[in-house]
Amino acid sequence: MKSLFEPESIAVVGASSDARKIGHIVLYNLIHSKYRGKLYPINPKASEILGLPAYTSLTAVPGKVDQAVVCVPNTLVPSVMEEAGIKGVKSVVVITAGFKELGKEGAMLERRVGDIAKKYGMRVLGPNCMGLMNTHHFMNGTFTNIQPVSGSVAIASQSGAVCSSLLDWSTATGVGFSTFISVGNKVDIDEADLLEYLKNDPNTNVIGMYVEGANRGRELMRQLREASKNKPIIVLKSGRTSSGSKAASSHTGALSGSDKVYDAAFRQANAIRVNTIDEMLDLLQVFSNMPLPKGDGLAIVTNAGGHGVMAADACSDHGLTLASFEKETIDKLKGYLPAAANCYNPVDVLGDASADRYEFAIKTVMEDPNVSCVAVLLAPLDTVDISEVASHLATFAGKVDKPVVGAFVGGTKTNEGIKMLQDAKIPCYDSPDRAIRALGAMVRYKRMKDNPGDDEPVLVDGDKEKVKEIIKAVRASGRTSLSESEGKEILMAYGVPVPQEVTCATADEAAKAAASIGFPVVMKIDSPDIAHKSDVGGVKVGVSSESAVKAEFELMMSKVKARVPGAHINGVTICQMVKGKEVLIGMTRDEQFGPVITFGLGGVFVEIMKDVTQSIAPLTRSNVDNMVKSIRSYAILTGARGGRAADIKSLKDVIVRIAQIALDFPEISELEINPLMVGDEGKGTYAVDALVVLRREN
Ligand code: COA
């Protein structure tokens with residue numbers, strides 16, 4: 001990767017004297033970014049381009065070539081790759097488009113490029129990319145003429161257009177970039193490779209990524225997690241709304257669309273996901289220019305009460321608290337500010353505030369030990385000199401160990417002040433919400449940094465042979481869906497408690513079984529063809545006598561037969577009635593990331609309530625803890641409104657065991673327990689239902 005980011009020599013293949021051609025622009029940019037290494041234009045017809053001697057081919061270059069930037073038409077790329085391999089080039093940046101984005105033939109061409117690179121042990125960036133910049137290496141190997149300010153933000157983008165927007169924005173806001181990498185089609189180098197380099201790059205402190213899809217999901221998670229321990233990673237993943245959820249026979253399938261999986265992956269990897277480019281830019285500004293806050297206490301200084309209230313409201317949305325000032329702070333403010341000013345948080349320095357008054361208030365609240373960050377709000381009142389406030393703020397705001405951001409709320413009048421602050425590397429936005437959101441992201445990152453969670457997965461043993469046998473028998477019978485009892489056998493083989501139960505073929509058998517289990521019992525239809533039993537009248541709870549069991553048996557059989565004609569029915573299962581809080585655990589598989597475990601509030605309204613969370617297995621202890629805590633109904637489990645606390649320990653144990661089944665048996669494509677009954681503390685957790693589906697064999 002060093003040859004990609006810090007090459008000692010670069011050849012531009014397809015360099016041209018024609019100023020309109022990409023091969024010309026790339027060479028021009030490399031020269032004008034003051035690249036210090038050796039530059040070799042390659043062109044079969046030219047002897048000199050842009051004042052540099054040109055060579056007919058890579059192999060004709062006299063010295064070694066670390067990197068080749070390829071700008072020749074797509075069909076010529078494989079032969080250039082072969083030449084690069086023969087020459088011993090270490091990395092190749094293929095700017096050329098016309099590969100897999102064009103369909104089957106393009107994909108074949110792209111595969112050839114990848115295969116040649118592998119044959120010679122070369123790394124490839126692209127194809128179909130804009131190239132790469134490293135401002136600290138004085139290297140602009142892209143075809144954009146926007147030269148970013150040098151700084152500490154590295155950007156990796158899957159879209160060339162997003163790259164140029166970010167570059168243009170950087171020049172307007174003064175955010176400095178270390179490297180800029182357009183990843184293109186990712187035939188070889190992907191985001192995970194880049195993170196592996198960037199996490200150790202001394203010139204990079206913040207990483208921004210625009211991702212459309214991952215090639216190696218698990219490796220991406222691993223690298224994100226590692227890199228985020230020291231550097232905040234802000235990820236903009238597009239495609240949030242496209243329905244990634246495929247038709248699935250379980251609730252879990254419908255609840256875990258592919259975007260949710262990305263959400264889970266970024267969360268587990270401690271990356272900061274943003275939803276819009278504005279949010280990304282806001283966060284890049286604050287992370288690259290301000291120190292991390294030590295806590296979550298925010299002080300607001302404003303010349304307009306309304307903006308102060310809006311900022312205070314935004315605090316709770318973004319995980320900040322309004323700091324309570326020490327008495328000393330309040331007294332000091334009272335001693336200086338006019339009597340009408342509010343000296344409590346938010347501090348209102350009043351509409352006629354001068355720059356001095358702002359400065360005094362900001363400096364005073366910054367000294368308060370309960371304040372970890374400051375938002376300076378300004379409305380363009382006639383009585384305020386905006387430039388003066390901005391220039392005062394610029395003299396001290398970036399030089400203290402607490403982050404300070406501005407929100408100059410307006411348009412024409414405030415723009416100049418915003419620009420002045422941004423030029424002075426003080427983040428400044430046009431609304432209180434954006435300022436608070438940016439600070440909130442810093443607070444969240446600081447928390448993650450201080451407590452990144454454990455890296456070691458929790459693994460448990462299960463009776464693998466038993467499960468293999470069950471799966472084999474199901475396959476032998478030509479099915480992919482398991483009956484409830486087969487599903488439960490799998491759960492039991494992995495130590496997941498299930499209520500005592502017996503499947504009965506006749507009403508008499510059912511009555512006898514119920515008497516031996518003890519009343520009341522639950523009765524459930526047992527059929528591999530019915531996924532949601534209650535929808536077809538196949539579940540009855542609280543049946544409390546032998547005669548009631550007999551009557552319900554006949555009724556249930558006739559109801560289900562009428563509603564699902566042709567379903568194979570094994571009989572009715574008589575179950576011990578367990579009490580507790582209903583939750584759901586499910587598992588689906590994602591092509592990129594592997595087993596996705598869903599946990600949430602269970603019962604028949606699960607798809608309406610959508611109070612679920614996902615994590616990707618293998619799970620660590622912290623993943624399991626976070627899953628349980630993150631659902632909105634967590635308070636119900638801990639005993640809200642005088643209710644009893646649920647047995648959360650046994651619940652977590654079941655989550656771990658389900659993840660283990662998912663890891664041990666890739667042939668299980670879906671699994672769901674709904675409801676999973678979590679008893680009161682010490683009473684255990686029971687799988688009341690089990691839905692297991694096997695992957696179809698081709
Ligand atoms: N080695 C070196 N140079 C070669 C060559 C070879 N084997 N074969 C041809 N060349 C030269 C050409 O003679 C030409 O130079 P000239 O102007 O002196 O004649 C130069 O390479 C470029 O070739 P040309 O055929 O003129 O192509 P082009 O410049 O019109 O287009 C690309 C080439 C790569 C720019 C074009 O195919 C392309 O992919 N454009 C889209 C790029 C893009 O959008 N990427 C994604 C961004 S996000």
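1. Of the chain's contacts with a separation of 6 or more, 71% join residues 24 or more positions apart. Contact here means heavy atoms within 4.5 Å.

2. Basis of the model. This is a predicted model, in which local features need pLDDT of at least 70, side-chain atom pairs count only at pLDDT 80 or more, and totals for chains, interfaces and linings use all residues. Residues are numbered from 1 along each chain as its sequence is written, and side-chain values use heavy atoms, with hydrogens and water left out.

3. Overall build. The chain has 24 helices and 30 strands. These are DSSP runs numbered from the N terminus (helices: H or I, at least four residues; strands: E, at least two). Along the principal axes, the C-alpha atoms fill a box of roughly 95 × 80 × 40 Å.

4. Burial and surface. The chain has 698 residues, and 56% of them are buried. Buried means under 20% relative accessible area, exposed over 50%, and partly exposed in between (1.4 Å probe, protein chains only).

5. The α19/α20 pair. Helix α19 (residues 507–517) packs on helix α20 (residues 546–563) at about 140°, and their axes are 8 Å apart. That makes α19 oblique to α20. Oblique covers what is left after roughly parallel (under 35 degrees), roughly antiparallel (over 145) and roughly perpendicular (65 to 115). On the α19 side, the contacting residues include Ala507, Asp508 and Ala510; among those they meet in α20 are Glu546, Val549 and Phe553. By class, this contact has seven nonpolar, no polar and four charged residues.

6. Serine 170. This residue sits in helix α5 (residues 160–173). Serine 170 counts as buried because its relative accessibility is 0%. Beyond neighbours within four places in sequence, serine 170 contacts Pro148, Val149, Val175 and Phe177.

7. Cis bonds. Most peptide bonds are trans. The bond from glycine 126 to proline 127 is cis, with omega near 0°. Proline 127 lies in the loop between β7 (123–125) and β8 (131–134). Phenylalanine 519 and proline 520 are also joined by a cis bond, with omega about -5°. Proline 520 is in the loop between α19 and β22 (521–526).

8. Most residues other than glycine have a negative phi. Leucine 350 has phi near 75°, and is buried at 18% relative accessible area. Lysine 425 has phi of about 65°; at 35% relative accessibility, lysine 425 is partly exposed. Lysine 425 lies in the loop between α15 (412–423) and β20 (428–429).

Note on methods. Axes are lines fitted to C-alpha atoms, for helices over the stretch in contact, and angles run from 0 to 180 degrees between N-to-C directions. Ala, Val, Leu, Ile, Met, Phe, Trp, Tyr, Cys and Pro count as nonpolar, Asp, Glu, Lys and Arg as charged, and the others, Gly among them, as polar.
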